[in-house]
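Have a look at the picture first, and then we can go through my notes together.

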Amino acid sequence: MGVIRPLDEHLANQIAAGEVVERPASVLKEIVENAVDAGATRIDISAEEGGLNLLRIADDGAGIAADDMVIAFQRHATSKIATGKDLFQIATLGFRGEALPSIAAVAKVKCVSAIDHSGLGRVIEIEGGAFKTDSEINAPKGTEMVVKDLFFNTPARLKYMKTVQTELGHLSDVVYRQALARPDIAFTFVHNGNTLLRTPGNGDLRQVVAAIYGTASAKAMIALSREHPDYTLTGVTAMPTETRANRNAVTLIVNGRYVRSQAIMQPLLQAYHTLLPLHRYPLSVLDLKMHPTLVDVNVHPAKLEVRFSKENELRAFIETAIKDALSSQAYIPSGTNQRTAKPSSWVQEQIRFQVPPVTEKAITADMVSDNVISEHTVTEDFVSKEAISEATIEVQTHANAARNDRVSETQPVYRNSSNFVSPERKQQDRIPDEVWKAAFAAPEQKSTAPAFPELSWIGQLHGTYIVAQNDNGLYLIDQHAAHERINYEYYYEKFGRPEEASQELLLPVTLEFAPDESTVMRARLAAFQSAGVYLEDFGGNTFMIRAVPHWFPDGDEAAIVREMAEWVLHEKSVDLHTLREQAAIMCSCKASIKANQAQSREAGEKLLQRLGSCRQPYTCPHGRPIVVSFSTYELEKMFKRVMS
Ligand code: ADP
Ligand code: MG
């Protein structure tokens, strides 16, 4: 007798739910997508306990006809596609007809719907796939879905749910992305009775950005609008100063669908190349429209990934569009007209008064003092030309280092270091975690780095590299990277002694966060305090920086606290030790802003000496090499003085 038989529908739905319904946020995503597909102009979402107890989504869309209501909860039942051909030109968010039966299989679902304003609707209730009630009811036009006790009948799945806070984070992410994708729909999002988001639904993307990221961020965005025979790009993208530490800052939308796509992300980042510090991401919302036949949306269970049929064209289009948008904003300021650039952000605007204007100057020996090298304080509210050229120089340095490494057999000194991060790896770019870890492993442990060679000064190249020598050969030292390392070790030590007094800001600076971020911030204020940073919860989503350690780089206090906050917000748990390391990196970056500076011999020698006494003198805190060498033997080989 045969042993194979079709699964009954209930079991099939439970299995499908395993794929479609991973957590409350996936339920929310499916139901909100249905509301969008139904042509809703407003979508009201409320959740309790991270959505595990309750999710309620009400829309004013087309509604479900009484006769269709039960069918909608059957497997593979959909109104959105009918033939195989339709699958290749999908214009709706949903199309598989799997969501409702899957959700109903693992929760208690109530669906109320009406297709007109007659006041007459229908309600059905399903628990764990079993129909409970089905009756007429008074209802406004549209649909209300209530999902209770998610995973009540699949305890194994329930066990894997994280804290309410984590699930709320995922829910918020779904709501934010949908709201960004559809500024023409008014969204509200309430969690445990607190309103976390309200968008006006008037089609203005900037207002949605403001509701989610704060008005200051919204102001620092450039509007995009670009046509191509196959594509239309609209949206907003940040000025290079409005960056985030996490790639979540980027929202990519294709035909109204939020997606993750390297085919769009990579050219976007490429367009910012050298304008952004390493491992920083622009706040961006890219809204791309194209004919549905040009994109396959049926390649991922949660429909988060898509495949483009003309990917190379698309990449080129995105890169050019973003590059043009950035350069149209004069973000590469000319020396004669630097003030045309827009103010970068509230941070600089608000704290500028504290900083005496510092003009560019050569480093003198006394600036390389016994504690910290204060090279240059950036007080300008734009990306300085130096900062940009510095970034360019760094990239070139690595390209050269990488090339030298392979082709001309020069031996970068940093190769000996245990914390060596290869130039190749750096070139791949944007792999923050590994690189950062590699970088700040150093001062914490006892140093395993070999002793730094004693070097004597020859001169300086292009205001950027120190040229030095010893019996073994020729050395090039990246002056900026060296400063960063010295400063990093200085700050790292400082952060290790929190008892050192913090000092109140003359005029306190405020920080604004998204609602879910504020909750996390509130819970982690103590961590900041342990690093000497005193934040005050100012109500709403606003926090005030009261005091910071007095040795924070002048004028960059708020920017550093903001960066610390971003870091803290994206970590699952924050241990004080790592927070201090991160903060030290941030301070050292700020305190060592630029490369192009003439350097006196005296100051240069002092720098080398201080570098030599660092615990890890071979890489900067971001893992980039500080020094490369050409051995005497290699030089002789190059000049064919020796044969081998
Ligand atoms: P899909 O969205 O892939 O079609 P679902 O299981 O999510 O599959 O939904 C099944 C059907 O129920 C949809 O095709 C649609 O006709 C109907 N439906 C679901 N939610 C709504 C809603 N909020 N408003 C109107 N119709 C809806
Ligand atoms: Mg659907």
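Which helices each supply at least two residues of the shell around ligand 1?

1. Before we answer, please keep in mind that this is a predicted model. The helices in question are H2 (24–37) and H4. H4 gives the largest share of the shell, three residues.

2. Now for the shell as a whole. Ligand 1 is surrounded by 20 residues, and the closest are Asn34, Thr78, Ser79, Lys80 and Gly97. Sorted by class, the shell holds nine nonpolar, seven polar and four charged residues.

3. Lys80 has a polar side-chain atom 2.7 Å from an oxygen atom of ligand 1. In the side chain of Asp59, an N or O atom is 2.9 Å from a nitrogen atom of the ligand. Leu100 takes part through its backbone: a polar atom there is 2.9 Å from an oxygen atom of ligand 1. On its own, ligand 1 has 530 Å² of accessible area, and the protein covers 92% of that.

4. Next, please find Phe73, in the loop between helix H3 (69–72) and helix H4 (99–105). Is Phe73 buried or exposed? Its relative accessible area is 6%, and buried means under 20%, so Phe73 counts as buried.

5. What is Phe73 in contact with, leaving aside its neighbours within four places in sequence? The partners are Leu100, Pro101, Ala104, Val109, Cys111, Ile124, Ile126, Phe131 and Met145. The C-alpha atoms of Gly97 and Phe73 are separated by 8.5 Å, with the two residues 24 apart along the chain.

Note on methods. Residues are numbered from 1 along each chain as its sequence is written. Chains are lettered from A and ligands numbered from 1 in the order in which they are written. This is a predicted model: local features need pLDDT of at least 70, side-chain atom pairs count only at pLDDT 80 or more; totals for chains, interfaces and linings use all residues. Side-chain values use heavy atoms; hydrogens and water are left out. Helices (H or I, at least four residues) and strands (E, at least two) are DSSP runs, numbered from the N terminus. Buried means under 20% relative accessible area, exposed over 50%, partly exposed in between (1.4 Å probe, protein chains only). Contact means heavy atoms within 4.5 Å. A residue is near a molecule or strand if one of its heavy atoms lies within 4 Å of it. A polar contact is a pair of N or O atoms within 3.5 Å; within protein, one must be able to donate a hydrogen and the other to accept it, and residues adjacent in sequence count only if both atoms are side-chain atoms. Accessible areas come from the Shrake-Rupley method with a 1.4 Å probe; for residues, only the protein chains shown count as cover. Ala, Val, Leu, Ile, Met, Phe, Trp, Tyr, Cys and Pro count as nonpolar, Asp, Glu, Lys and Arg as charged, and the others, Gly among them, as polar.
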